[in-house]
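Below are my notes on the model, as numbered points. Please read them with the coordinates open.

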Amino acid sequence: MSDVMEKTLTALPSLLSLDSQPGSAKLSANSKLGNLIRGITELTSKHEEEKLIQRELSSIKEQVSSPNTTMRQMKELMVRTIYCEMLGYEASFSYIHAIKLAQQGNVLEKRVGYLAVSLFLNESHELLLLLVNTVLKDLQSTNLIEVCMALTVVSQMFPKDMIPAILPLVEEKLSHSKEIIRRKAVLALYKFYLIAPNQVQHIHNKFRKALCDKDPGVMSASLHIYLQLIQENPEGYKDLTMSFVTILKQVVMGKLPMDFNYHCVPAPWLQIHLLRILSLLGKNDQSMSEIMYEILDESLQRAEMNHNITYAILYECVKCIYTIHPKPDLLEKAAKCIGSFVLSPRINLKYLGLKALTYVVQQDPKLVLQHQMTIIECLDHPDLIIKRETLELLFRITNAQNVTVIVEKMLDFLQVSEDNHTTIDLVGKVAELAEKYAPDNEWFIETMNTVFSVGGDVMQPDIPNSFLKLLLEGFDSVEEDKKLRLFAVNSYVSLLQGEPSRLPQRFLQVICWVLGEYAHLNEDVEPDAVLRLLAKLLDMKSSTSETKSWVLIAMTKLCSGGAAFSVAHEVSETYGSSMDTMLRQRAQELQHLSQDSALQSRVFPRSGSQEPVEVDSSLSFLDGFVSEALAAGAAPYKPPHQRQEEMSRSKVLSLEPYGLSLPISMSSCSVTDRQSPTLLSMSSSLSGDSAELSHKASSTTLKLDGVTRVWGREGYLVQREPVQEAAQVEAPSPLRSPRQQGDEDSPHSQTPTPTPTPESEQEKQQLASSLFVGLASPSSVSLMGKSEQTSQRFRRKARIQDKPPTSGEQINNLPPGGAADLLLDSNVSSELVSSLEQTHRNSLDLTANGACDAELPDGDVKEIKTPLSTDDSVLAAGLSPHEGPDRPKDLCLTSYLPAELSGLSHSEITLLCTNQSLDLSACHVQKEDCVELVVFIKNSSDSAAHQLQMQISCEEIEVSCVCDSPVEELKSHSVTVCQYFLTVKRPSVCFDLVGMVYYQLAAGSLQTAQFLYKLPLTSFIRPLAVSTEEYGTMWLAFSHDTKQNLPLMKDEREPLTATLNLLKTKLQLHVVEIIGEEGIVACCLRPDQQCLLHCRMHAGMLAAWLRSPVPDLPDSLLYHCQRALQER
Amino acid sequence: MIKFVLMVNQQGQTRLSRYYEPVELSRRAALEAAVVRCCLSRNKEQCSFVEYKDFRLVYRQYAALYVVMGVTHSENELSIYELIQNFVEVLDKYFSRVSELDIMFNLDSVHIILDEMIQNGHVVETNKSRVLAPLTAINKMVDG
C-alpha cells in the first residue's frame, strides 16, 4: 500500500468530488493508475475515452508480456486492467497473466491475481483450469493467509470437473483450528454444492458439525448450505428445526459477541437467514410450526427499536408467521406490524408494508380491508414503484365484483409507464383478469382491445392466442358465443374504419382472424365492405409481411360472394408475384378459392369451427414419396436434435484425449436439445409416433397454461346467472353511504378523478368500496346471495384435457358426445391457433405431463425419497386418499400374474388408485433384457365396465404394450391384466410413470382413472459380462463420465473386494476384475446402454470413475452406488 | 439474491462494479448507464427502491457517490439497503473516513473487502472486524 497516498487521502474531507481536490494532482502524479483515472475524468467525449483506453491497453499489453516486469509491477498493471475492463473494454490478453500473478506473486500480489481472475473469467472459462494447481498449492501452504485466499477464490468460482482434486483438502479444513479457515471451507463446500450437488453428498454430516460449530461465523456460513438443502427437500431436515430455533433464540437474546451487532441489533442478517429457513420448515407442518411460535413472538417484541434493520427483520418475521401453520394471536400481531409499516410516513417502510401485504393477502384477503384508504392513497402516489406494488396487491385481490375498477387502474398505469418489462407484465395480468372475471361481452372486448393496443408487439404471444382460442371454443351457450363474436366483429370493423395504421401488428393479426372467421355474423356489413377494409391494410406501409399474409387468409375466407370477386382478383394479382413466398402462396390460394366457391366452402366451412377436421400429424400421405426417395438413395430423415447429438458426439470423441470438462458439458447440451424439440420437427418425423408427439408437445402446452384459469377446471356449472346481475352485485361495505350506493348504479360513476375538494375524500371512499368489494368474510358473500363462481363469466367448455385431477382420484364425466368428438374438436382448434403463432399449444395430450405436474403436490416429496431408501422395492405413490393406513391387502392379485412371468421375481403388488368402480394395482417384473410392468385392473363396482383402454407414459422411459387392444368388457368384480415392456430412453435416478385408464360404465359416459408409478433406476440395471480387454476398448470409446469419492468398507479385511461385492449384490453390477487396489465393474441398462465403473482405493475412500455412452447414466448410477454404500 | 453491486458517481462514472450473474462485458456499460439514470432521476422523498427490468434496484447516496445493488424480487429490499450502509461503514473503518478518491485509487482493496461480504450473490459476512481481518493481515505481511 502506498502510504503517502493513504495519508493524503485521510486528510481529505469525506467524499468530495475529484475536481476540487488540491491533493489529487499530487496523488495521480505518484501512480500510473492515478494518471489513468485523472485522464479519464478530464475527458469530455466517449470517443476520446475509447482512444485513451486503447492506448492504455496497448501499453499494458506490452508491459505484461515483457520478461523484465516484476510481480510488483504486474500487480499494478492488473489493477489498471481491472479498471479498463470495468469501463467495458475487454482485455483478454491479460487473463493468463492474472493467473500467473496468482501463481507467483507474494501475498498481496497473489490476492490481486486471484481477484483479477475472479473478475475477468466466468465459471466456464477454460483458462480456469490453469488455476487449479495454484489453488491446490495454496491450500497446502503453511501460510494461513494463502490458504484463506485460495478458499475465497474457490468459493467464488471453480471448474466443476476439478472439484474431486481439491475436495479432500477443503474437507480437511473443516476441522482447522482457525475459525476463518473453517468458515471459508464451509463456503467453498456451499459453492461445490451449488455447482455439483452430488459431489458433496457424502459430507452432509460434516455440515451438521459446522452448524454446531462454537464460532458463530462458521455456523452462519453453514446456513447457506442448509437454506439451499431445505428449499430442495424440507422433509429431510425437520429434525434440525429445534436447532435453528435455539440458534435464533440465542441471537435474539444477544448472546453473540458484541462485534456481530449492527447498530445495536444482534447479527440482523443472520436473523433474517434463520427466519427464512424456519418458514420453509414450518410450511404446511403444524408440529414444526409449534416449535417456532415462541421465538417468533419474541422476535416481534424485541424488534421495537426504530431502525431500518429492525424493520427488515420484522418483515421477514411477518412473512414467516404467514407462511407456517397459523396461530391466531401471532397472526394478529403480525397484522398489526404490517399496519404500522403501511401507515408509516417513511416511504421505504411503506413499500415494504405493501410488499408484505401482497404476500399476506394470499392467506388472508380480509387484511386488506383494514388498510383500504391507505391503499387508495398509494394508488395515486407520485412514486411509480409504490403505485406498481399497489397494483400488484390489487391483482391478488381481484374478483368478479371489483375487476372493472382494478383493471382500469392497471390500464391507467400502463399509459404512463414506459418500461417494456412493466408493460409486458401488466398487460399479461390484465388479460388474465379479463378472461377470468369479465362482467360482460362489451367490457371484455374493449379491455382486450386496450391490451392489444398497449401491449402491442411486446406482449407475450400467448395472450392473443388464448384470446382467439376463447372466441373459437366459446362457452356454454351458443347464443352467448355468437353475441361475443358479433361484438368483436363490430368493434373491429369500426377500428379499421378509423386509423388502423396506429394499431400494432399483433392486434391487426387478431382483427384479421376474427373478421375472417366471424364477419358473416353481422348481416348489416357487406362482405366486400370488410374486404375493402382489409385491403386497406395491405397498402399500409407499416404492415409487415406476416400481417399481410394474415390479411390474405382472412380475405380467402371472406371472398365467397361474387361481389367481392374484383377486390380479391386485384389483390391476388398484386401479391401473386410477390418476392415473399408466403405471401405468394396466400395470394394463389385466394385467387383459386375465390373462383371456385364449391372448393372454398369445403376448405372453409361456415360453421367450421365446431366440426372436427382430422389432421394427419404423422404426414402419412407423404410415405409414398419418402419411400421412393429412400429407394433412390436419399439419406433417412433424422430430427434436428438427433443430428445435433450425433454431431456433438463426434466432437466429443475427437476431444477425448484432452477432455476434462468437455464431455460433460456436451452431454448436458444435448440433453436440453432433446427436451425442446420444435413442433415442426415432430410433425415431420417420419415415424409418426403419436404417443411421443403428444407427449413432447405437452411440455410446451404446460408452460403456456401456467396460470390457472378459472373456467375449465370446475367443469360445467348447472346454471348461469344473467350477466347484468353479476355485474351489479353489491357488497356491503362499511364505508358505503346510501347516496354513494345510488351513484354506483350509474355505470361510469366508478371512475374517480382525484381533486383537492372535500368531495375527493368521498370519492376515495367510493373507490374503496368498489375496490374491496367481495373481500369481506364469507358470511357477507352469502348475504349477496351468490357465490363468486357464479358470476365468473368466461368459462371454457369442459374438456377432457383441460381437467387436471383435482383430487387424488379422477373421474371425468364427459358429455354424451363422447370423447372422440371432443378430442378431434380440440385438435382442430389447437391446430388453428398454433398456426397463428408458433406457440405449440397442442391439446392432444391427455396423459403425460399435465397430470404429472398436478399429481405431485408438496406432500409427495416424501414419497420420492422412499423408493430410494428402500432400495429396489418400489413404492407406488398412490393418488387416492384412501391409500395409507387401510391399504387393502392385494396379495390375492398374484394369482393373476401372467403365466410366463410367474416364475420370475416381481416387486410387491401395490395399490395405485381406487375409485367407485376400479381398483388399479401394479408391480414390475425384472426380466433378463427388460422390465415388465404389470397393471391389474379390478372392477369393484356392480356393473360391467366397457372399452377399457390404458395409456402409460414417461418422459425418460419407452413404454411398449404387450397387447394394445382395448378390453371390450370387464365384468363386475373381475380382474384384467395389462403388460408393458419398459426400456430406458434417458437415465434418471428415479422414473415416474403416469398412467390413465379410460373406460365406460353406463352407455356413453367415458370415465378416467389416473395413477402414478415410481421406479428407481436400479430396476433396470443388469450385469454386463465383459472381459478386461473388452472393458479397455469400451472405456476409451465412451464419452460421458463422472468421478467421485465413495465411502469404503474399511472394517472388512479386504475393503475393496467387500465394497465391490456389496455393490454387486445390491445393484446387480458385474465385477470384471480386481487387481491390487483397483477394481473394474460393468453393467448395462440395455445391451447398448453400458456403464463402466473404475474404482481405486485412495486415502481411505473409494475413488470411483464412471463412464458411459449415455448421458446422465454415470451420474444417476453414482447416486445409487452412494446410497447403497451409505445404507449398508 | 444480489445480482450486482455498483458504485457510480453523479457524473455517471463507474467507480466499482461486481456482477454475481454473468453479464457480457459489452452489455455492462449500457446497463450501468441505465441504472445511474434511474437513480439520478429520483429525489430524496422517493423510495430507495426502483423497479428496473425484471429486478429491483436498491440504492443509497453518499455525497456524489451512489452505491446501487440489483436484487431479485424475493430479496428483502430494506435489509439490502442496510447492507449498503454496512459496506460503506466497513470502508470507512478501513480507510478511516472514506472518500470517493479512496475507492478510485484502491480499487483492489475495495474489491477484496466486498468479496469478504458478498459471495455468489449472498451475504456471507457482516461483522466489520471479520470482514477486514484478511485484508489487514495481508497489509501487515507486506509492510512488516
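1. In chain A, an open antiparallel sheet is built from 5 strands in the order 3-4-5-9-7. At its edges stand strand 3 (910-914) and strand 7 (957-961) of chain A, each pairing on one side only. On average, neighbouring strands of this sheet are turned by 30° against each other, direction ignored. Strands here are DSSP E runs of at least two residues, helices are H or I runs of at least four, and both are numbered from the N terminus. Two strands count as paired if DSSP finds at least two bridges between them. Angles run from 0 to 180 degrees between N-to-C directions, with axes as lines fitted to C-alpha atoms, for helices over the stretch in contact.

2. This is a predicted model, in which local features need pLDDT of at least 70 and side-chain atom pairs count only at pLDDT 80 or more, while totals for chains, interfaces and linings use all residues. Residues are numbered from 1 along each chain as its sequence is written, chains are lettered from A and ligands numbered from 1 in the order in which they are written, and side-chain values use heavy atoms, with hydrogens and water left out.

3. Strand 7 of chain A is joined to strand 9 (residues 975-984) of chain A by 5 bridges, and the two run antiparallel. Within that pairing, S960(A) has F981(A) in strand 9 of chain A as its bridge partner.

4. Chain B also has an open sheet of 5 strands, with antiparallel pairing and the order 2-1-5-4-3. Strand 2 (14-19) and strand 3 (49-52) of chain B are at the edges with a single partner strand each, so one side of each has no neighbour in the sheet. Neighbouring strands of this sheet are turned by 20° against each other on average, direction ignored.

5. Which strands does strand 1 of chain B pair with? Strand 1 (residues 2-9) of chain B pairs in the antiparallel sense with strand 5 (residues 65-71) of chain B over 7 bridges, and F4(B) stands opposite G70(B) in strand 5 of chain B. Strand 1 of chain B also pairs with strand 2 of chain B in the antiparallel sense, over 5 bridges; there M7(B) has L16(B) as its bridge partner. The hairpin of strand 1 and strand 2 of chain B has 4 residues between the strands, and G12(B) in this hairpin takes a positive phi near 85°.

6. Two helices lie across parts of the chain B sheet. Helix 4 (residues 107-117) of chain B lies across strand 1 and strand 2 of chain B, at about 35° to strand 2 of chain B. Helix 22 (residues 384-397) of chain A lies across strand 3 and strand 4 (55-62) of chain B, at about 70° to strand 3 of chain B. Strand 2 of chain B has 6 of its 6 residues buried, so this strand is largely enclosed by the rest of the structure. Buried means under 20% relative accessible area, exposed means over 50%, and partly exposed lies in between (1.4 Å probe, protein chains only).

7. Of its 144 residues, 72% count as buried. Among contacts (heavy atoms within 4.5 Å) in chain B between residues at least 6 apart in sequence, 49% join residues at least 24 apart.

8. H381(A) is in the loop between helix 21 (372-379) and helix 22 of chain A. H381(A) is buried, with a relative accessible area of 17%. Its side chain reaches the backbone nitrogen of D383(A) at 3.0 Å. Apart from neighbours within four places in sequence, H381(A) is in contact with I347(A), I386(A) and K387(A).

9. R506(A) belongs to helix 28 (residues 505-518) of chain A. R506(A) is also buried, at a relative accessible area of 14%. The side chain of R506(A) reaches the backbone oxygen of M459(A) at 3.1 Å.

10. In helix 6 (residues 95-104) of chain A, the buried residues are Y95(A), H97(A), A98(A), I99(A), L101(A) and A102(A). Their cover includes helix 4 (46-65), helix 5 (71-86), helix 7 (107-120) and helix 8 (131-139) of chain A.

Terms used:
A polar contact is a pair of N or O atoms within 3.5 Å; within protein, one must be able to donate a hydrogen and the other to accept it, and residues adjacent in sequence count only if both atoms are side-chain atoms.
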